Amino acid sequence: MRRTHFPLLAGLLAGLLLLGGCDYAATGAPQDPEASVSSERYLESMDTIMVLTAYGSAREEALDAAEAEILRLDALLSTGDPDSEVSAINRDGGGVLSPDTLELVSSSLELYEETGGAFDITVYPLMMLWGFDDENYHVPTQEELTQTLDVVGSDRLALDGETGRLTLGEGQAIDLGGIAKGYTSQRVMELYRAAGVTSGMVSLGGNIQCLGTRPDGTPWRIGIQDPWSVEGTIAAVIEVVDQAVITSGGYERYFVDEETGVTYQHILDPATGYPADSGLASVTIVSEDGTLADGLSTSLYLLGLEGSTDYWRAHSEQFEALLIDEAGAIYVTEGLADSVTAEDGFTVLTRQP
């Protein structure tokens with residue numbers, strides 16, 4: 001099956017590439033090497049490349065503030081940091097949440113309800129069982145899966161909206177990694193605007209969020225990686241203005257069982273405990289809301305083509321999507337159709353069945 005041919009490079013690129021650079025000679029705009037500043041850093045706990053770009057006179061202030069915010073949120077939300085708030089919650093079985101964590105947990109619980117349980121932050125014990133948290137990979141037995149599934153389910157979480165206290169069910173643990181990067185990119189956009197930046201971008205692996213247009217007035221061009229390409233081949237290009245573009249796919253993290261040769265990818269189905277097998281190879285969400293886009297990219301990957309289409313039709317005012325199935329076919333929701341180019345073409349999903 002094609003889906004087993006996952007590229008190692010995708011672990012870094014996570015499906016998205018920012019196309020085009022800072023040279024605008026083709027449009028007649030002045031070429032000014034001082035017109036932009038780019039900052040790049042590898043964050044071990046995020047396991048991704050962080051790239052920040054801002055344009056204009058306030059760019060340095062904006063980049064400094066954005067970089068500090070990314071590091072602050074990573075330290076607050078990382079399950080890999082024993083001193084983080086999320087780690088403390090998991091150790092103590094709950095606690096009073098800080099404003100950022102409260103907003104993320106609240107959003108996660110809303111998505112859990114809206115997606116019929118597809119988005120579930122209590123899947124973390126399953127991630128640990130499979131070894132996706134520390135790369136000590138393990139194919140669990142059915143007995144192990146059954147026991148672990150007993151502690152999975154966000155409906156067992158108790159959140160007091162007034163006090164901000166979250167109480168976990170016995171044996172439960174949460175992981176906000178499926179939504180935290182989108183929230184982080186959204187915060188970066190807010191800091192850019194506060195600093196007076198009108199054109200900028202942040203890339204956190206598979207999460208790209210753009211402010212305004214590029215300095216020459218053209219849209220940002222985001223390349224969607226072919227899920228099976230070891231060369232980083234682009235399957236499609238999306239043009240966006242003031243939007244987040246976030247991709248999830250099984251090729252981002254996976255391992256191959258040495259005994260059987262079977263590939264297991266990291267997006268786990270909270271209903272079965274096994275890696276998702278929805279028929280989709282990657283899901284890209286386009287939305288003005290980075291937090292929502294992040295959560296939906298995972299959710300729709302689990303829901304499959306039909307479930308994703310139905311969900312989009314019910315919430316089309318909130319986001320658009322580009323879906324690639326395991327046969328390589330590309331599907332684009334109609335609100336995005338005029339902004340997408342793909343060499344092999346695509347099928348447009350309409351709002352009416």
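Entry on the strand pairs. I began with strand β15 (residues 320-325) and found that it runs antiparallel to β16, the two being joined by three bridges. I noted that two strands pair if DSSP finds at least two bridges between them, and that helices (H or I, at least four residues) and strands (E, at least two) are DSSP runs, numbered from the N terminus. Before going on I wrote down that this is a predicted model, in which local features need pLDDT of at least 70 and side-chain atom pairs count only at pLDDT 80 or more, while totals for chains, interfaces and linings use all residues. I also wrote down that residues are numbered from 1 along each chain as its sequence is written, and that side-chain values use heavy atoms, with hydrogens and water left out.

Within this pair I saw leucine 323 standing opposite tyrosine 331 of β16. Four residues lie between the strands of the hairpin, and there I found glycine 328 with a positive phi near 95°.

Entry on β16 itself. Which way do the side chains of strand β16 (residues 330-333) point? I found Ile330 and Val332 on one side and Tyr331 and Thr333 on the other, and all of them are buried, where buried means under 20% relative accessible area, exposed over 50%, and partly exposed in between (1.4 Å probe, protein chains only). I then followed β16 to strand β18 (residues 347-349), which runs parallel to β16 with three bridges between them, and in β18 I found leucine 349 as the bridge partner of threonine 333.

Entry on β9. I looked up strand β9 (residues 220-225) and found five of its six residues buried. β9 pairs with strand β10 (residues 234-240) in the antiparallel sense over six bridges, and I saw glycine 223 opposite valine 237 in β10.

Entry on salt bridges. I counted a salt bridge wherever a side-chain nitrogen of Lys or Arg is within 4 Å of a carboxyl oxygen of Asp or Glu, and by this rule the count comes to eight. One of them joins glutamate 69 and arginine 72 at 2.9 Å, N to O; these two are three residues apart in helix α2 (residues 59-77), which means that about one helical turn separates them. Glutamate 69 counts as buried at 7% relative accessibility, whereas arginine 72 is partly exposed at 37%.

Another salt bridge joins aspartate 242 to arginine 193 at 3.5 Å, N to O. Because aspartate 242 lies in the loop between β10 and β11 and arginine 193 in helix α7, the pair ties together parts that are 49 residues apart in sequence. I also noted that aspartate 242 has a positive phi of about 55° although it is not a glycine, and that its relative accessibility of 31% makes it partly exposed.

How many residues apart along the chain are serine 185 and glycine 290? I found 105, yet their C-alpha atoms are separated by 6.3 Å. Serine 185 is in helix α7 (residues 180-195) and counts as buried, at 0% relative accessibility.

Last entry, on a loop. I found glutamate 135 in the loop between α5 (124-130) and α6 (142-149), with a positive phi of about 65° although it is not a glycine. Glutamate 135 is exposed, with a relative accessible area of 55%.
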